Amino acid sequence: MLDPHLIRADLDAVARRLARRGVELPTARLSELEGARKAAQIATQELQQERNARSKAIGQAKARGEDGASLMAEVGALGDRLQAAERRLEEIQDELNEVLLGIPNLPHDSVPDGRDEADNLEVRRWGEPAAFDFAPRDHVDLGAKLGLLDFESAARIAAARFATLSGPLARLHRALIQFMLDLHTTEHGYREVYVPYLVNADSLTGTGQLPKFEQDLFKIQRPDADGALERSLYLIPTAEVPVTNLVRGEILEAEDVPRRYVCHTPCFRSEAGSYGKDTRGMIRQHQFEKVELVQIVRPEDSYAALEQLTAHAETVLRRLGLPFRTVALCAGDMGFSAANTYDIEVWLPGQQRYREISSCSNFEDFQARRLQARWRRPQGKKPELVHTLNGSGLAVGRTLVALMENCQDREGRIHLPAALHPYMGGVSVIG
RNA sequence: GGAGAGGUGGCUGAGCGGUCGAAAGCGGCGGUCUUGAAAACCGUUGAAGGGCGACCUUCCGGGGGUUCGAAUCCCUCCCUCUCCGCCA
């Protein structure tokens, strides 16, 4: 959520910055609501003040042993007016809040202009795509040839857009998770956490998935005692949600502040809007594993943290020897809650292009405001909002795809990088 | 699932219809003392919102209700703890 003060103070500047994302701020409606809010709030508070003063007088009269009946008669008439004023104020605030919750974050000044993916800016590139002296297969063909990757059984068990892995490929998948967790905990200073995979609506509102993107989520309805459907939970679309919510409603002490978490979870995405994209293979699935990096930092440190976190994610690819490039997302391509985002894209020989394997974002105080996640500066000042960041470190399924496609030989065998050998029980070649 | 007990400020914890936004302790901050620190002592210290301001409003797990007035009474939901049952 944006700072309401900022919106009040300079609505046009906010609108201009949002226009870079291709978002039109409903300025007329906002200023109308804000005006109504102010009037209603002042009116309500005046009535409350009057009621409080008179009620107090009744109390004092009674304490003196007086009757107070005449005073009570005076206040009676106030009740209805107060209630009406309170209702009206609540209505306006609900409406205002609804609008506010639907406004995306402001892009940082350093974010390049642009409408979509095509306008993203490459900031660096690492590794050389291998020159194959044969036509490289994509992971679907490789998996089928190896007999270790199968979409039909997954469709039978569940539905389209699921996959089953078996044997050494299933082990490789697990090995990648262990490798990533070990790297980030032992070398990059993250604390490993295990969290719920089902979360409530408040958590999703906190990180920004709700209210706007409910259609992307799998929702679990829980029948209550009467069989009525209430108290829904949602399957997490990313560990970002439960992990960032670790600090929801907290006031952290200064020495407790940078917090760095790493967490492996499955992720579940309904992605109702994107059918038809990446239908082949395991690039876009309803269920996938991810190792996520989350940082809770002091506001002044968040941009340094973004560089650091992105580098931590890149390190995974470096260790695996997978060629990648890092792009700065343009304003139009960034996610709802992000102020600044780097995508890391890995080279996929099967597609002859770089594909997103990690997205590292600084949310500044946007999520923190929704979460009421705060910290106290050393000198015992007022609590201030923290800044939050996260990034995949990495998406496991896509890493598996990249390994298969980049490390294949003419016969369709997969030659694993040395970094994974300890996690594979000595197996260095699959197939 | 059954029975019971609870949810109060950064933390612990009192209050159970009327100056209670809330005692006390811890912690934090400021000061005295000290070469410095600790200890001791004194003072101070919740959050959010509104108003140009003097100030005002809201908040005692969430929501609803009773009342002139609710942390305190009622309803409901959520959560925590103890015992029993069941269970990976």
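Biologist: Which helices and strand each supply at least two residues of the surface near RNA strand B?

Modeller: This is a predicted model: local features need pLDDT of at least 70, side-chain atom pairs count only at pLDDT 80 or more, and totals for chains, interfaces and linings use all residues. Residues are numbered from 1 along each chain as written, chains are lettered from A and ligands numbered from 1 in written order, and side-chain values use heavy atoms, without hydrogens and water. Helices (H or I, at least four residues) and strands (E, at least two) are DSSP runs, numbered from the N terminus. The elements asked for are helix H1 (4-9), helix H3 (27-63), helix H4 (69-101) and strand S14 (374-376).

Biologist: Which element gives the largest share of that surface?

Modeller: Near means that a heavy atom of the residue lies within 4 Å. In total, 27 residues surround RNA strand B. The largest share, 15 residues, comes from H3.

Biologist: How far is a phosphate oxygen of RNA strand B from an N or O atom in the side chain of Arg87?

Modeller: A polar contact is a pair of N or O atoms within 3.5 Å. Ser55 has a side-chain N or O atom 3.0 Å from a sugar or linking oxygen of RNA strand B. For Arg87 and a phosphate oxygen, the distance is 3.4 Å.

How values were computed
A polar contact is a pair of N or O atoms within 3.5 Å; within protein, one must be able to donate a hydrogen and the other to accept it, and residues adjacent in sequence count only if both atoms are side-chain atoms.
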